[in-house]
Amino acid sequence: MTNAESGSPDKEPATADQAARMALDNTERAEPTSQQPPERPALGRLFVENLWAANTFTVTLLSLLLAMVVGGILMIVSDPDVLGTYSYFTARPGDALNASWTLVSEAYANLFKGAVLDPDAVGLTAALSPISETLTYTAPLVFTGLSVALAFRGGLFNIGAQGQATMGVIAAGLAGFLLPLPAGLHLLVAVFAGAVGGALWGFIPGILKARTGAHEVINTIMLNYVAAYFLVWLIVQNGVQDPNRTDAISRPVDASAQLPRLFGDNLRAHTGIILAVLVTWAVAWLLNRSTLGFELRAVGSNPAASRTAGISVTRTYVLVMVFAGALAGLGGSQMVLGTTAAALTPLVVAQVGFDGILVALLGRVKPWGVLLAALLFGALQAGGNRMQSYSGVSLELVTVLQALIVIFIAAPALVKAIFQLRAARAARPQTSLAKGW
Amino acid sequence: MSTMAVDDVAVAPVNAGFWTRNRKAGLVLTALGLLAVSLFTTLAASEPARFTLSEDASGAALKINGTVGAALFGAVALAAGVAILAGLPTRWFTLVLGAGLVGFVVSFLCWQVSTAPTGQNFMPLVNIVRGTFILALPLIFGALAGVLCERSGVVNVAIEGQLLMGAFSGALFGSLSGNLWVGLVAAAIGGTFISLLLAVFAIRYLVDQVVMGIVLNLLAVGITGFLYERLMQPDPAKYNSAPRFSDWEIPLLSEIPVLGPALFAGNIFLYLGLLLVLVIHIGLFRTRWGLRTRSVGEHPTAADTLGVRVLRLRYRNVLLAGAVAGIGGASYTLALFSFTKNMIGGKGFIALAALIFGRWSPTGALLAALFFGFADQLATYLSAINSTIPSQFLAMLPYLATILAVAGLVGRVRAPAADGKPYIKG
């Protein structure tokens, strides 16, 4: 037979379903009268089949589901009341299941309400509040995620987004309260200073990698801590520390250097998210359309061949790290120019740099993917706050969920095995990378 | 994302010409010596700087005038630097470099101690040495966990997570059972849990090991933080009051001045840590297991050809590493403090630094961990005597030292050749 329908001739039918269709096909061919081509599968069916294939979207969605299941189990085992109902599980299983379901569903419902929409909210401000929170958390993650993703495409693993963001925060904060500049210009200078601070901190591992071969993973890890200690030291210096305070907090950033709010003064979302979208576009253009981006990707996939082809590998490495650092620095500057605190504290950077690594991986190190991944992570954090205050479920659960999602998407083979997914039609690029020290 | 195998960039040969690596180190040491002779000496007060052998100002002490001490030991550093610069035979290099660095540190201490406020211008050596060992302990365990993993070719960035999970499960199960040994075993299992995830995903699913390590650290922070807030915070008496190991003094040996109280009057973790360094050193370089581990870390294909089961050995070593790190985490919760959120606070990464600075060897890791522990203890001491040196800069020292080491300024640092590369048979 020609096997026209089921793909390449050397393949066995992948599923019983296909085998049946092949058999059907054969019987049709046997009939000399039926000359019309075999019936095409319905569009809906094709869609469902594709959905159940191991493509990026499905794997991501199932990873989220798996992570939430594990999170739910964690919630149940850490709740003594609910756990108590399991002691008589065999006698009245309904009790245990009901209590567990109530606990987990309420927590996740609050997660959703805090991140997307609260149906009970009254008034426009209240209705917009979850979205505003989500966007506030998303903005810095886009930058740090892009930082990691850009370096990754250039063959470098930038674990230093945290340190670069820290230097960005420092530079942006200092520019924000030390420079007496007019409104408008002040904001531009502060944001630019953040980028420069981060770029400087990215330059160091870049030049060390290029000149001495020192592994960027080690150096960026170490520089994260150097930056963190530098921030702690700097805050309590004269001229930086808030003169009215004795604890470690700097003077507040001038109003002229703060990012304008998007939805009025009562909601925290600021223009950083617009900048984030623009920068995502710029990075996408840089990667896919510019000469530098081509060189960067070439070096990332094969430095030896790139060198042979006349691309300066050392120059590319330095440039990649400078750009990555600048992006992370921009992300850091959002933390001090955009939020309500608007002052330097030891924890002002939070975890944006480390979360950026997860965001980049979740976004499959593609710029627009990073944007979407950052949106998901931002939503999880915004919703996590509400989950903590309304359901009493610790915010740390969000960290667990984020880590689990990335673990699952990093090992698509595992998700495939759990859900018995078919292999996707086109061979998907491997998420696994082999790269040592 | 494509599979990347980035080899080291073509590096300009460092040993070329007059400026060999040794001479560069000599140059740095000369600069440090000059700094000590000029700056430290002028800043030092002409007061006696006392280094007492006890825990307080009383008792026997080594005494030297601050200015004289700073100048004298600065001169030692300078002389060592110049000697290396002048072209010292390589076999003397390490010894002279070490002497020079010690001279620099002592010169610095003479300055600091002599300028301390009256009544505080002494340095209790017992406390310093003891504190150094206590602060170095989690680093030793963590770095040994790194040695076990990375010598067999699996990058272990998850040390932080393994320590944290060990500390947490040690505290939790120690409290629940009220038994120290249950806590200790639970800590080892906790660390192994994280390294099991690392092993399965790195070896079976070929996920990038650095990525996996970073994610596992976050997972450990999340899980322990979550359970801490849900269980330990509401009911610390039940969930977070583990019994603690007391100190075991070894008779006679603990009487040795300075070193005795530090080395022979510690808790079980101190003895276990030092014993593990010895055992892993001997194991790695003198046994069949060690030879196989090293060969799998350097050239798994060759090892496989000779009949070594690469993946099984890697699984075993990674799991073992998790147990070691887990016990290291318990050295907090079963001896010093009760569990708090994220209590490891970056020690796992200093342990990673110690591993790299110690060039992937157990004894090197021990020395590096002690050095970092000393820097940590010195920061505490200096802030106690109101020093002008900010403690944050001393806290940066381990990280900066590692960067310098990796950049090739202090000796040659090379990871096992197959470190971080998954092995696919065939």
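Residues 18-34 of chain A keep a pLDDT under 50. pLDDT is the predictor's confidence in each residue, from 0 to 100. For this stretch the model has twelve contacts beyond four places in sequence. Two residues are in contact if their C-beta atoms, placed from the backbone, lie within 7 Å. Residues 425-436 of chain A also have a pLDDT below 50. That stretch has 35 contacts in the model beyond near neighbours in sequence. Chain A as a whole has a mean pLDDT of 84, and 85% of its residues reach 70 or more.

This is a predicted model: local features need pLDDT of at least 70, side-chain atom pairs count only at pLDDT 80 or more, and totals for chains, interfaces and linings use all residues. Residues are numbered from 1 along each chain as its sequence is written, while chains are lettered from A and ligands numbered from 1 in the order in which they are written.

## Chain B overall

Chain B has 16 helices and three strands. Helices (H or I, at least four residues) and strands (E, at least two) are DSSP runs, numbered from the N terminus. The C-alpha atoms of chain B fill a box of roughly 65 × 60 × 40 Å along the principal axes. Of the 426 residues in chain B, 54% are buried. Buried means that 20 or more other C-beta atoms lie within 10 Å of a residue's own, with C-beta atoms placed from the backbone.

## The sheet in chain B

Three strands of chain B form an open sheet in the order 2-1-3, with mixed pairing. Two strands pair if DSSP finds at least two bridges between them. Strand 2 (61-65) and strand 3 (122-124) of chain B are the edge strands, each pairing on one side only.

Strand 1 (residues 48-52) of chain B runs antiparallel to strand 2 of chain B, and five bridges join them. Here B:Thr52 stands opposite B:Ala61 in strand 2 of chain B.

## Where chain B touches chain A

In chain B, 53 residues are in contact with 56 residues of chain A. Helix 7 (209-232), helix 14 (347-357) and helix 16 (391-406) of chain B each supply at least two residues of the side of chain B that touches chain A. Helix 7 of chain B gives the most, with 16 residues.

Key
Buried ≥ 20, exposed ≤ 12 C-beta atoms within 10 Å, placed from the backbone.
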